[in-house]
Amino acid sequence: MPKWPHRTELYEDPPSACWPIVYSPDYNITFMGLEKLHPFDAGKWGKVISFLKEEKLIADDLIVQAREATDEDLLVAHTRRYLNKLKWSFVVATITEIPPVAFLPNFVVQRKVLKPLRTQTGGTIMSKNSEAGKLAVDRGWAINVGGGFHHCSSDKGGGFCAYADITLAIKFLFERVQGVSKATIIDLDAHQGNGHERDFMDDHRVYIMDAYNRYIYPGDGFAKRAIKRKVELEWGTEDTEYLQKVHTHVEGALNELKPDIIVYNAGTDILDGDPLGGLAISPQGIVKRDEVVFKAARSRRIPILMVTSGGYQKRTARIIADSILNLHNLGLIDKELATSGAGNPKFIEKTRRCVFHT
């Protein structure tokens, strides 16, 4: 393990004019078409940013540029043994579920596959950064346009998740940010978040709510023991039932424990027709779901970090962008809120006003 706390570039000051939206062009995976062998849209993160630019919500100089997590950063959560395993291409092929990766030289795999995932992981950690009044904790909200690798734990990857970015972000906060001692993970990806569940199995500082299709990967019975609020969904669950359950259980979770930070894993693989999710939520249902979670956080003045996680259809990038635009239109995220600070009276008044939007 690195010296505590180690020197990291992931907690340096971004310009104060930046929105707490974190992204890097390095997020996107493109290599001789190999990325097309997995149903994941390996360029969706860039498409989300393009849509937000088209709508004039953001510009390049207003985005926080994600930095790649170093080995020292990764060792805050991962074992050295696990990181060494990633030096074997066949291990990475198994984790990413792209068999031909096994036959590539590892230096190519590191650069073309793992570097994008390390950069997204750095983006999640940076989104929680609050050392000098920035991003989720002090600004009230942050969105990493990537991340959400919830199947990876400290010593095992899987399901396209090679690094445990949610675990890392929370551990960084607990180590480095005074006054942050409790976190709630709201995992609404279609799959069970077994990675962070295994990592926080015996950590009472972390409350986990997980809503997922009970019949699909990973079906990790041991990890389920860490879930404080478990919502197991049936095949083909639709908007009305889903949104009612999300609202009830998000409110219940935050009433049970008021955390210092919420990590919201906002997978879009709940979308109707997703080849892996098995649920039947409409695009409008996803936008509404994100609104429900942000309203619950804002009304309680709890800082929230959103990561985008799974989503295996080409239209998911548009839906993520539409959701961010909706949050902005409702006043749940905006520039004034982003730069004023959670303790600022303007922030508190703005937050109060947010809850009355419908």
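Predicted model: local features only at pLDDT ≥ 70, side-chain atom pairs only at ≥ 80, totals over all residues.
Ser153 sits in the loop that runs between β3 (141–144) and α7 (165–176). Who are its contacts further along the chain? Setting aside residues up to four places away in sequence, Ser153 touches His78, Ala164, Gly195, Arg198 and Asp199.

Helix α5 (residues 106–127) packs with α7 at an angle of about 35°, and their axes are 8 Å apart. The crossing of these two helices is right-handed. On the α5 side, the contact is made by Thr121, Thr124 and Ile125, while α7 brings in Asp165, Leu168, Ala169 and Phe172. Sort the residues of this contact by type and you get 4 nonpolar, 2 polar and 1 charged.

The largest nonpolar core has 92 residues, and the members touching the most others are Leu86, Leu188, Tyr264 and Phe294. Helix α11 (residues 316–329) gives the most to this core, with 7 residues. There is also a second, separate core of 20 residues, with Ala142, Met201, Leu305 and Val307 included.

Finally, have a look at the aromatic rings. A pair of rings is described by how far apart the centres are and by the angle of the planes. Here the count comes to 4 aromatic pairs. One of them is Trp19 with Trp141, an edge-to-face pair at 6.0 Å centre to centre with 65° between the planes. Trp19 belongs to the segment before β1 (21–23) and Trp141 to strand β3, so this pair links distant parts of the chain, 122 residues apart. Is this pair buried or exposed? Trp19 is buried at 5% relative accessible area, and Trp141 is buried too, at 0%.

Tyr215 and Trp235 make a stacked pair, 6.1 Å centre to centre with 5° between the planes. Tyr215 is in the loop between β5 (206–213) and β6 (229–233), and Trp235 is in the loop between β6 and α9 (239–256), so the pair ties together parts 20 residues apart in sequence. Tyr215 counts as partly exposed at 44% relative accessibility, whereas Trp235, at 52%, counts as exposed, because the cut-off for exposed is over 50%.

How values were computed. Residues numbered from 1 in each chain as written. Heavy atoms only, no water. Core = buried A, V, L, I, M, F, W, Y, C linked by side-chain atoms within 4.5 Å. Buried < 20%, exposed > 50% of the residue type's maximum accessible area, 1.4 Å probe, protein only. Helix = DSSP H or I, 4+ residues; strand = E, 2+ residues; numbered from the N terminus. Contact = heavy atoms within 4.5 Å. Axes fitted to C-alpha atoms, helices over the stretch in contact; angles between N-to-C directions. Left-handed = near helix turned anticlockwise from the far one by under 90°. Nonpolar A, V, L, I, M, F, W, Y, C, P; charged D, E, K, R; others polar. Phe/Tyr/Trp six-rings, centres within 6.5 Å; stacked < 30°, edge-to-face > 60°.
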